[in-house]
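Welcome! Here is a short tour of some charged side chains and their partners. Please have a look at the structure first.

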Amino acid sequence: MKIKSLLISFVLICVSYIGVSNAQEFSNELNQILGTWQTEKEIEGNKAHYVMEIKKDSTFKFWLKGAEDKVTYMYAEGKIKISKSGPFKMLKLYDLMAGQKEDKDTLEKTNFERNYVFQTGYKKMFLAANFDADRENEAPEVMLYKKIK
């Protein structure tokens, strides 16, 4: 009977440790990507900036802006979730609201999510985009974001 109690205690301690370790790992990964990130892209012959702000409360904001005129052509906000799939770090964007400008009254809830494989380095974040689903006019690509704030 005593051995059974010890075994149950050991299993509970291990499960608790794994839960704490995963929470700490999530927190460390989130801390690595906090801040404002930007990449430059060409869309239909025009240069554009993708700007993404990631916050401590696991939310994000995204702007698609003209590189020259700085006009916001698309805005989105939502929640993020970080997980691991084997050796890969995954970033999931979900509960998305989107519109042409950053105005809560005009944002519309979307029914899609985005999943990225990501890797961070010194003030750089690589996102593997559009590998999770086929999307019309959006080929799979790897984007390099640079931390700007």
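A salt bridge is a side-chain nitrogen of Lys or Arg within 4 Å of a carboxyl oxygen of Asp or Glu. The structure holds ten salt bridges. This is a predicted model, where local features need pLDDT of at least 70, side-chain atom pairs count only at pLDDT 80 or more, and totals for chains, interfaces and linings use all residues. Residues are numbered from 1 along each chain as its sequence is written, and side-chain values use heavy atoms, with hydrogens and water left out.

- Asp95 forms a salt bridge with Lys79, with the closest N and O atoms 3.3 Å apart.
- This pair links distant parts of the chain, as Asp95 is in strand S5 (residues 88-99) and Lys79 in strand S4, 16 residues apart; strands are DSSP runs of E, at least two residues, numbered from the N terminus.
- Asp95 also meets Lys109 in a salt bridge (3.7 Å, N to O).
- Lys109 counts as exposed because its relative accessibility is 56%; exposed means over 50% relative accessible area, buried under 20%, and partly exposed in between (1.4 Å probe, protein chains only).

**Glu77**
- Glu77 lies in strand S4 (residues 72-85) and counts as buried because its relative accessibility is 13%.
- Leaving aside neighbours within four places in sequence, Glu77 is in contact with residues including Phe60, Asp95 and Lys104; contact means heavy atoms within 4.5 Å.

**Another pair**
- Glu40 forms a salt bridge with Lys47, with the closest N and O atoms 3.9 Å apart.

Methods: Helices (H or I, at least four residues) and strands (E, at least two) are DSSP runs, numbered from the N terminus.
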